[in-house]
Amino acid sequence: GVQQDFDTAAVRELDSAHFIHPFTDHAALAAKGARVMVRGEGIYLWDSDNNKILDGMSGLWCVNVGYGRTSISQAVYRQMETLPFYNSFFNTTNLPAVQLATLLAEIAPPQFKHVFFTSSGSEANDTNVRLVRRYWDLMGCKDRHTIIGRYNGYHGSTVAGAALGGMSGMHEQGGMIPNVAHIGQPNYAESGRGMTEAEFGIVAAGWLEEKILDLGPEKVAAFIGEPVQGAGGVIIPPSTYWPEIQRICDKYGILLIADEVITGFGRLGTMFGSELMQIKPDLITFAKGVTSGYVPLGGVLVGSRVASVLIEKGGDFNHGFTYSGHPVACAAALENLRIIQEENLVNAVAVDTGPYLRQKFVSLADHPLVSHPDACGFVAGLNLVKKKAELVHDCEPFESSDGVGMICRGHMFNNGIIMRAVGDRMIVAPPLVMTKVQIDEMVDRIRDALDATL
Ligand code: PLP
């Protein structure tokens, strides 16, 4: 249980009086009151009504090592006592930042020897925009400024991050930046009719080549994509997709940015998702799992192609954040990565708990509301469809106005599990420490909640 010295109703009132939440209808939230989270341990959370909830989303895809790791809080405490802050502008550096940059260079794919630190994934993708445009300027190609992303991709919430992403609801609020274009997402369930998955992967990658030719290759700076789309609903691309994207980028000399904010640090059963997808990106965006969310930290791994030009020809790089290389955040990351390595979490997801999660999750296919359940490492998703037995076709999506995803999410919570709804797609991304017994518990709870949704 949870020791509590506050009144939940009063906290909810203060919350709606003063706190504007991200991605939230403020008036709607005020009417029902926010859930007050008070404690976490391992894969479980407790709210102020003393509900124990299995966190199927690792917070927001980030608490990879689970809650309650005292060795991380101790590392943070020690660093705060020694040097809570100093900037890395103006010819200074600090020990945790140097140690973390060194460790990242060790565990990243071999082309990465340099890192630029930020405090979030959004800032890291803003950094990418400046980096790739600067790179092409230094290469004497001042027209090469367009970056291609994907519809339903997610690259953050700053104006540039949202522009790279393909969420139309975000483009409508705050507008776009110039020189960004989008192509379709590799969503087989949505667009692959009449093709094998392998064929569809090549077709979907081909949309990149069409867009490059349409814009003019001499205008295109970079392509950015998530190895597996997360916020878009866990869209797992066919295995043919990414190698073909790489081939097209190479053919036109275009920089490849892998946004690994979710897929970095073990989530797909490889340290970085690029390894699983067999691509060799020029830049990797990271955040979330680098500290398991204990302290905000993000950054860009800068591959040798870009780093050498920036360092040898670039002079001043006019970019940076007060908190670039924050010593406390870097200390948290060092301890978090030590845990991931010492507990062999990446290997567990690759060969043990990951395949088990997939097998259990895919077994939900026999449920009358479920189609296309799929998993890759420790991300998984399924589509809610109208009861199969009542239909002529084997499955039919709900109307978005039915709001079934949100209803199902409510039943999930009542069954003690947090799952996220993206339209009518239900997704999980559990902490990498989840055991097989806990996977059984999670999938049982999901099944009960699906029954309640029927
Ligand atoms: N890129 C991806 C792939 C993400 O999933 C996210 C966050 O969910 C971001 C970027 C933005 O990161 P942040 O919310 O830390 O700014």
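How many residues of domain 1 are in contact with how many residues of domain 2? In this predicted model, 25 residues of domain 1 touch 22 residues of domain 2. The domain assignment of the protein chain gives domain 1 as 35-65 + 346-453 and domain 2 as 72-342.

- Domain 1 is assigned in two segments, 35-65 and 346-453, while domain 2 is assigned as 72-342.
- The C-alpha centres of domain 1 and domain 2 are 27 Å apart.
- On the side of domain 1 that touches domain 2, at least two residues come from each of α3 (58-61), α15 (345-351), β11, β12 and β15.
- Strand β12 gives the largest share of that side, with four residues.
- By class, the side of domain 1 that touches domain 2 has 15 nonpolar, eight polar and two charged residues.

**The sheet of four strands**

- Four strands make an open sheet in the order β11-β12-β15-β14, and their pairing is antiparallel.
- The edges are taken by β11 (370-376) and β14 (420-422); each has a single partner strand, so one side of each has no neighbour in the sheet.
- From one strand to the next, the twist of this sheet averages 20°.
- Strands β11 and β12 (residues 379-384) run antiparallel and are joined by five bridges.
- Within this pair, Ala375 has Ala380 of β12 as its bridge partner.
- Helix α17 (residues 404-414) lies across β12, β14 and β15 (425-428), and α17 runs at about 175° to β14.

- Strand β1 (residues 37-41) is joined to strand β2 (residues 44-47) by four bridges, and the two run antiparallel.
- Arg39 has Trp46 in β2 as its bridge partner.
- The hairpin of β1 and β2 has two residues between the strands, and Gly42 in its turn has a positive phi of about 60°.
- Strand β2 also pairs with strand β3 (residues 52-55), in the antiparallel sense and over three bridges.
- Here the bridge partner of Tyr44 is Leu54 in β3.
- The hairpin of β2 and β3 has four residues between the strands, and Asn50 in its turn has a positive phi of about 65°.

**The sheet of seven strands**

- Seven strands form an open sheet with mixed pairing, in the order β4-β10-β9-β8-β7-β5-β6.
- At the edges stand β4 (112-118) and β6 (180-183), each with a single partner strand, so one side of each is left without a neighbour in the sheet.
- The twist from one strand to the next averages 25° in this sheet.
- An example of parallel pairing is that of strand β8 (residues 255-259) with strand β9 (residues 283-286), over three bridges.
- In that pair, Asp259 stands opposite Thr285 in β9.
- Helix α5 (residues 95-107) lies across β4 and β10 (298-303), running at about 135° to β4.
- Helix α6 (residues 121-138) packs on the sheet and touches β4, β5 (146-150), β7 (220-225), β8, β9 and β10.
- The direction of α6 makes about 30° with that of β10.

**Helices α10 and α11**

- Two packed helices are described by the angle between their axes and the distance between the axes.
- The axes of α10 (residues 197-215) and α11 (residues 241-252) come within 8 Å and cross at roughly 20°.
- Helices α10 and α11 are therefore roughly parallel to each other.
- The crossing of α10 and α11 is right-handed.
- On α10 the contact is made by Gly201, Ile202, Ala204, Ala205, Leu208, Glu209 and Ile212, and on α11 by Tyr241, Glu244, Ile245, Ile248 and Tyr252.
- This contact has nine nonpolar, one polar and two charged residues.

**Helices α17 and α18**

- The axes of α17 and α18 (residues 436-453) come within 8 Å and cross at roughly 130°.
- Helices α17 and α18 are therefore oblique to each other.
- The crossing of α17 and α18 is right-handed.
- In α17, Val404, Ile407, Cys408, His411 and Met412 meet Ala449, Ala452 and Thr453 of α18.
- The residues of this contact divide into six nonpolar, two polar and no charged.

Note on methods:
Residues numbered from 1 in each chain as written. Predicted model: local features only at pLDDT ≥ 70, side-chain atom pairs only at ≥ 80, totals over all residues. Pairing = 2+ DSSP bridges. Axes fitted to C-alpha atoms, helices over the stretch in contact; angles between N-to-C directions. Contact = placed C-beta atoms within 7 Å. Domains from an automatic or database assignment. Nonpolar A, V, L, I, M, F, W, Y, C, P; charged D, E, K, R; others polar. Parallel < 35°, antiparallel > 145°, perpendicular 65-115°, else oblique. Left-handed = near helix turned anticlockwise from the far one by under 90°.
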